[in-house]
Structures are given as structure tokens and as C-alpha cells.
Amino acid sequence: MLWFRNLIFYRFTPEPGFTPEHLEEALSQHPFRPCGSQELSSLGWSRPVKEMDDMLVFASQGFMLINLLQEERILPASVVKDTLADKVDSIEAEESRKVYRKEKLQLKDEVVLDLLPRSFTRRKGLHALVMPQQGWIAVDATSHKRAEELLNALREALGSLKVELPLTHLSADKVMTGWLTGEALPQGWALSDECELRDPMAEGAKISIKGQELLSEEIQAHLEAGMLAKRLAVDWQQQVELVLHEDLSLHRLRLTEEFRDQIDADTPDDVMAAYDADIARMGLEFTRLLPEILTAMGGEAPRGN
């Protein structure tokens with residue numbers, strides 16, 4: 001089943017006439033190509049599911065799945081260092097002279113250029129779900145840096161891209177801390193068994209808790225001492241388990257067994273039809289989940305001009 005494992009989400013204001021066809025045309029101008037012999041990496045758009053032919057956008061019920069593919073050459077620093085050392089030793093022995101820093105830097109560049117064509121490569125994809133009707137872009141990334149890589153590539157393809165991280169009236173760490181001290185969670189939400197607490201007054205002071213009752217006296221003592229919840233595992237609507245972070249990123253998204261069994265029973269046998277259903281379902285679930293997260297944080301706050 002197609003389902004994002006992590007989620008960083010942005011408010012998205014599409015340009016007039018934004019359609020799957022328009023997006024397909026834009027991405028097709030920046031397709032993925034393997035690394036050249038002297039390239040360290042390459043980046044471009046690729047098919048979002050392997051069963052698709054050459055289409056770069058999989059659209060279902062207004063939701064659009066895209067995939068940014070990156071290829072990197074694997075050239076360990078230790079290999080470069082050892083090869084360079086051998087080359088320096090050879091020059092010093094054959095020419096009876098010392099090789100100094102400036103020349104070593106030049107030799108290092110030559111070593112890298114020589115090794116690159118023989119190095120292995122690895123590829124990693126980065127998916128995003130574009131939801132223009134609802135005004136969201138959701139990226140399956142664990143860090144904002146990775147998510148921004150996709151947004152920058154999308155901005156380059158489209159010419160412009162109006163996206164911004166949502167702002168909320170309340171900070172997520174204080175809201176999550178409140179939940180741990182007994183404040184009511186939103187309807188349909190429940191605490192799980194994992195959290196991370198940090199002391200805002202002592203840099204690096206943190207406690208990771210897993211597999212424990214989060215309302216225990218021990219945890220309450222840490223909170224009373226001034227520690228704040230920086231990430232918290234929760235259950236949403238008995239359908240999705242996730243870890244909510246203080247920056248509103250969602251990690252380790254996982255469908256509950258009951259919900260997955262229900263979905264599997266309704267999944268079409270045809271592969272492409274199953275993907276179509278997965279994308280639509282994922283988009284609909286995100287459309288419900290994201291506003292609930294923002295509401296729990298006091299709602300979206302207006303941005304200053």
C-alpha cells in the first residue's frame with residue numbers, strides 16, 4: 001500500500017490554471033538523468049510509481065503524486081585520502097622533492113576526477129503529494145532540508161511556487177506538554193507510549209521515553225521541573241499512529257492494523273487501480289489530519305506583512 005512514512009506540510013497557493021497536465025508539462029522539462037562520468041550527483045523528476053510508463057504525475061481525485069529522484073556517486077573520503085597519499089609518495093620518491101599543500105589540493109582534484117567514473121552510485125526518491133484544491137503540499141521527508149530540496153526543484157520547474165510553513169497561535173511543545181500533564185487531547189486523539197522531554201534552560205538536557213505510561217508520576221516530576229515535550233507519539237482516530245514533533249513535522253506515520261485490514265479488504269486487484277485508490281485515500285486522510293493538527297495548536301496565525 002502506498003503511504004507516506006513521514007510528513008512535512010506546507011500551505012500552497014496554486015497559480016490559476018494549475019492542473020495535472022500543467023504540472024506534467026513543467027516537470028517533463030526537468031527529467032531525471034543518471035550522473036555523468038564526472039558528476040558527483042544528479043537530480044530530476046521521475047515517475048512516482050514504478051509501474052507507470054513515462055508519466056511524472058499520478059493524479060487521483062485532485063491529488064497529485066510526484067517524485068524527485070537523486071543519484072549520488074559513492075566516493076568515500078578514505079579512498080580519496082589513501083589514493084592521494086600513494087600519489088604524493090610516488091612523486092616525492094621519483095622526483096626527490098617535497099609535495100606541499102597547494103600541490104596536494106591540485107592532486108586531490110585529479111584523484112577525484114580519476115575515481116569518479118569508477119565509483120558506485122545510489123539513488124533515493126523523495127515523494128510529495130500536491131493538493132491544490134485544499135491548499136497543501138505534503139512531502140515525505142524527515143527533515144526540512146530535504147523537503148526544501150523538493151520545493152526548490154518544483155519552483156524551478158514551475159517558475160514560481162507560493163508555499164509557506166503554517167504558523168499557529170500556540171507552540172507545539174507547550175501544547176504537547178499540556179497533554180502530558182492531563183489536559184484534554186482533541187476528540188479522537190490519544191497518547192501512545194513515547195515522548196522526548198527537554199529542559200529549555202539547559203542546552204542538551206533531554207530525556208527519551210519509550211514503552212512507558214506517559215502520565216506516570218516519574219514523567220510528571222520532569223514536567224513539573226520545567227521540561228517540555230519536544231516530540232510525542234499519538235494515535236489519531238484509531239487509524240493512524242504517528243510521532244508529532246515540535247516543528248509540526250510528523251514522523252513514523254503508520255496505519256493501525258485495524259484500519260489497514262479495512263483498506264486491504266477494499267483494495268482493487270488491478271495494480272494501477274490500487275495505486276489510484278491509495279493516492280485518493282492518502283489525500284483524503286491528510287485533508288482531515290492536517291487541519292486537526294493546526295486546530296489543536298490554537299489555529300493558524302496570520303503572517304505579518
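1. Let's start with Glu 92, which counts as partly exposed because its relative accessibility is 21%; the cut-off for buried is under 20%. Keep in mind that you're looking at a predicted model here. Glu 92 sits in helix α2, which covers residues 77-95.

2. Who does Glu 92 touch, once residues up to four places away in sequence are set aside? The partners are Arg 97, Lys 98 and Val 99. As for distance, Glu 92 and Ala 138 are 46 residues apart along the chain, and their C-alpha atoms are separated by 56 Å.

3. On to the inside of the protein. The largest nonpolar core has 50 residues, and the members that touch the most others are Leu 129, Trp 179, Leu 197 and Phe 286. Helix α8 (residues 271-296) gives the most to this core, nine residues. There's also another core lying apart from it, made of 27 residues, including Tyr 10, Ala 26, Ala 153 and Ala 157.

4. Leaving out residues up to four places away in sequence, Phe 286 touches Trp 3, Phe 4 and Leu 7, along with Leu 129, Met 131, Ala 138 and Pro 291.

5. Now for helix α6, residues 217-224. Its buried residues are Ile 219, Gln 220 and Leu 223. Looking down the axis of α6, these buried residues fall within an arc of 100°, so they line one face of the helix.

6. What covers the buried residues of α6? The cover includes helix α5 (172-180) plus strands β8 (189-198) and β9 (206-210). After α6 comes Gly 226, and its phi is positive, near 110°.

7. Is Gln 220 buried or exposed? Gln 220 counts as buried because its relative accessible area is 16%, and buried means under 20%. Setting aside neighbours within four places in sequence, Gln 220 is in contact with Leu 180, Thr 181, Leu 214 and Leu 215.

How values were computed
Residues are numbered from 1 along each chain as its sequence is written. This is a predicted model: local features need pLDDT of at least 70, side-chain atom pairs count only at pLDDT 80 or more; totals for chains, interfaces and linings use all residues. Side-chain values use heavy atoms; hydrogens and water are left out. Helices (H or I, at least four residues) and strands (E, at least two) are DSSP runs, numbered from the N terminus. Buried means under 20% relative accessible area, exposed over 50%, partly exposed in between (1.4 Å probe, protein chains only). Contact means heavy atoms within 4.5 Å. A nonpolar core is a set of buried Ala, Val, Leu, Ile, Met, Phe, Trp, Tyr and Cys residues joined through side-chain atoms within 4.5 Å. The arc is that of the directions from the helix axis to the C-beta atoms.
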